[in-house]
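Colleague: Before I use any of the labels on this model, I would like to hear what each one rests on. Please take me through them.

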Amino acid sequence: MVASTFPAAQDSAQALQNVRLALRSLHPQVMTWRRQIHQHPELGFAETLTAQFIHEKLTQWDIPHEIGIAKTGIVALVRGDRPGPVLAIRADMDALPIHEENDLDYKSKHPGKMHACGHDGHVAIALGTAHYLNTHRHTFSGTVKFIFQPAEEGPGGAKPMIEAGALHNPDVDALIGLHLWQQLPIGTLGVREGALMAAVETFDCTILGRGGHGAIPQQTIDSIVITAQIITALQTIVARNLDPIDSAVVTVGTFHAGTACNVIADTAKISGTVRYFKPQYADYFDRRIEQIISGVCTMHGATYQLNYRKLYPPVINDSTITALVRSCAEDWAQMGIQPLQSTTPSVSQPESVTPHCQTMGGEDISYFLNAVPGCYFFVGSSNVEKGLIFPHHHPQFNIDETALAIGMEVFVRVVERFCPIA
């Protein structure tokens, strides 16, 4: 059962500072873990080395856990000194099929694979939080369930983990997670109620016409002309079918057709993606896209083959859990980053919490948040002064590792407020 409100923070400034100092002393180890994981990136459902690394750490700390969930997933339990609610913390583990171009001593050792989205940091933050809570069980009640999830980048590991029972035994009351976020500078936290990230849907379509000589078009059904009309017409879905207040995107990303300048192509192929925030559109875009494709093809005498896939629903943050996370984030911001002292580089940006962090990017944590109330939030990780400006999925992506300490501190604050000692 999730409380409608949570107790206000009762800790003294000195107690909060002690938590911070304890986490900062752990920060160098967390950076080492992140860099070790960074050197060994693995794609979705193949995170065997990463899972083994997590397993070894949890075993070393005597934290009970189950391995091999949805192939490579892990679920660990850290119990407080007293009974209480169950809060889950989710961290994704997989990397991307990108060849790293950074000149780092911890550069990827796997050619063509790279942690270019920060998941190495997510795992390190979760491990650091688990280690801290395991040695500070007297500071919280109930249970914190750590869910190390495979395959967020694709084809999606959240749903298989849920189907394998990751939210049960014990049943999870609420779930939180974070994403290191290059769109926000270090020292900024993005916490937003409601829709944070978009649904992700994709499509592939082949238009079947009739080829022929480029100088005798009357004998053909020109698949290129038909497909060009389809691409243009698809843009009217957002421009003319949706309420202008509702945000959505229909993007055609590929268009392949033809073999020679004087040959009318008999087939053309396109693929694209659809993004939207409101769950009410879950069954809308696939129907409307097929209506447009079918109508244009019928008009020209062509046929088509459409493959439409619904990958991830939108990420919707629960209002109550988000209010708790925001409160903890604001408490963190009021203390500022500077007390990190010598354990972490100082930053010049002011500490802040912002709701202006909505993105059309997608994330399969949405499946967890559809199953239990929760909050997914962003931890700013870019730093212009250090040249850490490259976006997610870029071959030179890298983070300001100060963000690892910030993520741990917010996680711990949320745990101690959600699972308070009575």
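Modeller: The model is a predicted one. Start with Glu201, which stands opposite Lys310 in β13.

Colleague: What makes β8 and β13 a pair?

Modeller: Strand β8, residues 199–208, is joined to β13 by nine bridges, and the two run antiparallel. Pairing requires at least two bridges, so β8 and β13 count as paired.

Colleague: Which helix packs on the sheet, touching β13?

Modeller: Helix α6, residues 285–300, does, and β8, β10 and β12 are touched by α6 as well. The directions of α6 and β13 make an angle of about 165°. Helix α5 (residues 223–241) lies across β8, β10 and β12, and runs at about 170° to β10.

Colleague: In what order do the strands of the open sheet come?

Modeller: The order of the four strands is β10-β12-β8-β13, with antiparallel pairing.

Colleague: What makes β10 and β13 edge strands?

Modeller: Strands β10 (248–257) and β13 (303–312) each pair on one side only. On average, neighbouring strands in this sheet are turned by 15° against each other, ignoring direction.

Colleague: Which residues is Lys57 in contact with, leaving aside neighbours within four places in sequence?

Modeller: Those residues are Trp33 and Leu127. As for Pro185, its C-alpha is 30 Å from that of Lys57, with the two residues 128 apart in sequence.

Technical notes. Residues are numbered from 1 along each chain as its sequence is written. This is a predicted model: local features need pLDDT of at least 70, side-chain atom pairs count only at pLDDT 80 or more; totals for chains, interfaces and linings use all residues. Side-chain values use heavy atoms; hydrogens and water are left out. Contact means heavy atoms within 4.5 Å. Axes are lines fitted to C-alpha atoms, for helices over the stretch in contact, and angles run from 0 to 180 degrees between N-to-C directions.
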